[in-house]
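Please look through the sequence and the model below before reading on. The paragraphs after it are meant to be read with the structure open beside them.

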Amino acid sequence: MITTFLGHELKAFWRSKNTGKSIAIRVVMALLILYLFACILFAGLFLDKILAETFPHDDVVFSFCGIILLYFLFDLVMRMQLQELPTLRVQPYLHLPIKRNTVVSYLAFTAMLSMFNLWPIILFVPFVLKVVLTDSGALPALAFVVAILGFMLFNNYLALFIKRKANLNGWVFLIFVAVLALIITGDFRFHLYSVRNVSYLYFGHLLSKPVLVLLPVVLAIAMYYINFIYLKQNLYLEELSSRKASAYKSSTEFPLLSRFGKVGDLVANELKLIFRNKRPRSALVMGLFFMFYGLIFYTNSHYGETWYIFVGMFMTGIFIISYGQFMYSWQGAHFDGLLVSKINFRDFLKAKYLLFTMVSTVAFILTTPYAYFGWRIVLVHFVMYLWNIGINTTIVLFFANRNAKRIDLSKGASFNWEGVGATQMLISFPLMITPYVIYLPFSLFKHADIGLAMLAATGIVFILTRDFWVKKLEEDFMQKRYTVAEGFRNK
């Protein structure tokens, strides 16, 4: 039956009207993946020499045992960002005499067909054959290979399970990201523990006690079983929709927004759109990862305050940039409905302003711990926060009136150029350059404080005159609304 499902998927691909475009994209992606595999294979073949140079005071096998769990931690982060969920159009099979277990088994099987499952094999197995097999014998080498495969499959099904749960409740993904961030910062920033030592503790003992290989095997089997049961319980549409409705009732109701009336309702709908769909949700998650962006600059004395302007703008305004550049493409599927609805477009614009202000406020609060590097950094962040909610929000909405490229919300953000056009390229220039046009003249003449004051004052002026800009944006949109709507109709 699995071969039948595969045959149906291939027929659906070749019969699609976008087959030509899909083939071209897949060819480019295949070439890129082959290049990555070649690089990883090269690193795997010479991993012993790389480890010897990187850790000259440690034994090569000790170093190898220490990096394996670090790799799988990084692998999990990459899977959460880039690995796509295996899909099958279930509806045509629901009325046929096909067992539920068969459909679920197919989904579980195709979940293993990921390039991420080849990387650890190409990277680590050559080292195991060259060094571990030679030094310790066949049994420990076999245990290493099986353990690596076990952790690989555990990561594979863990990432897919979290993504599926996150489709029903966006808080699941946010909690997972927070836990992962705590693990990484606890090791690399605060040195509370060492993932490398934990890795060596397990794989080092695996050399003398191959029976420990059962641990990753049991973890992989358990994670596969959890995925299997979850898919089986949510296979039918009515089960999935009812669970989804109840999940979102608790996760996307925002009582605080009710005080803003119609504008608050529109913001609540926008937040539901973000939490329920892959690509807009990835823009929010990207903003969380950018909260650690300052560690690159603030821990290095070579970067001065000129760079702090850039970093502050990015950390407090990354959501405005990453999500706002595709405004109003997020509503492209139902944009015609918005045009003929009773929604006042001025309220629609005010909702965008309120959404960006809320997210940027949260982002600024999350960056306040950077006061550890000096309170001036927090001051720069606050200045750029005012700049973002005052000026960058207006710039983003101005370019939104010129964006007519539709986006499929269900697709992930990884290797997805849907909706990207000239507008997204042009918007980066005013967002990046404008603050420096004001700040640099003062900074060059040793008046950096005045430059910061001017940036803050400009942002405050735009915030206080927001109603004026909303009116101008509405007038601009009314002239271009039919062009934008026509673009969104082109799939």
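This is a predicted model: local features need pLDDT of at least 70, side-chain atom pairs count only at pLDDT 80 or more; totals for chains, interfaces and linings use all residues.

Residues are numbered from 1 along each chain as its sequence is written, and side-chain values use heavy atoms, with hydrogens and water left out.

The secondary structure of the protein consists of 21 helices and zero strands, where helices (H or I, at least four residues) and strands (E, at least two) are DSSP runs numbered from the N terminus. Of its 491 residues, 47% count as buried; here buried means under 20% relative accessible area, exposed over 50%, and partly exposed in between, with a 1.4 Å probe and protein chains only. The accessible surface comes to about 25100 Å², and 69% of it belongs to carbon and sulfur atoms, the areas being computed by the Shrake-Rupley method with a 1.4 Å probe and, for residues, with only the protein chains shown as cover. Among contacts (heavy atoms within 4.5 Å) between residues at least 6 apart in sequence, 80% join residues at least 24 apart.

The largest nonpolar core has 77 residues, and Y323 and Y328 have the most contacts inside it; such a core is a set of buried Ala, Val, Leu, Ile, Met, Phe, Trp, Tyr and Cys residues joined through side-chain atoms within 4.5 Å. Helix α18 (residues 375-400) gives the most to this core, with 15 residues. A second, separate core has 34 residues, including V61, L123, A141 and L206. Returning to Y328, and leaving aside its neighbours within four places in sequence, its contacts include F335, F345, F348, L349, L397, F477 and F488, as well as K352 and N401.

Just after α6, G137 takes a positive phi of about 105°.

Helix α9 has 14 residues and reaches 21 Å from its first C-alpha to its last, close to the 20 Å expected. Its buried residues are V195, S199, Y202, F203, G204 and L206. Is S199 buried or exposed? With a relative accessible area of 0%, S199 is buried, and its side chain reaches the backbone nitrogen of L69 at 3.1 Å. Not counting residues up to four places away in sequence, S199 touches C65, G66, I67, I68, L69 and G204.

Two loop residues complete the picture. L257, in the loop between α11 (237-251) and α12 (262-276), is buried because its relative accessible area is 4%. Beyond its neighbours within four places in sequence, L257 is in contact with G264, V267, A268, L271 and M358. K446 lies in the loop between α19 (422-444) and α20 (448-464) and counts as exposed, at 74% relative accessibility. K446 has a positive phi of about 65° although it is not a glycine.

Notes. A polar contact is a pair of N or O atoms within 3.5 Å; within protein, one must be able to donate a hydrogen and the other to accept it, and residues adjacent in sequence count only if both atoms are side-chain atoms. The expected span of a helix is 1.5 Å times one less than its number of residues.
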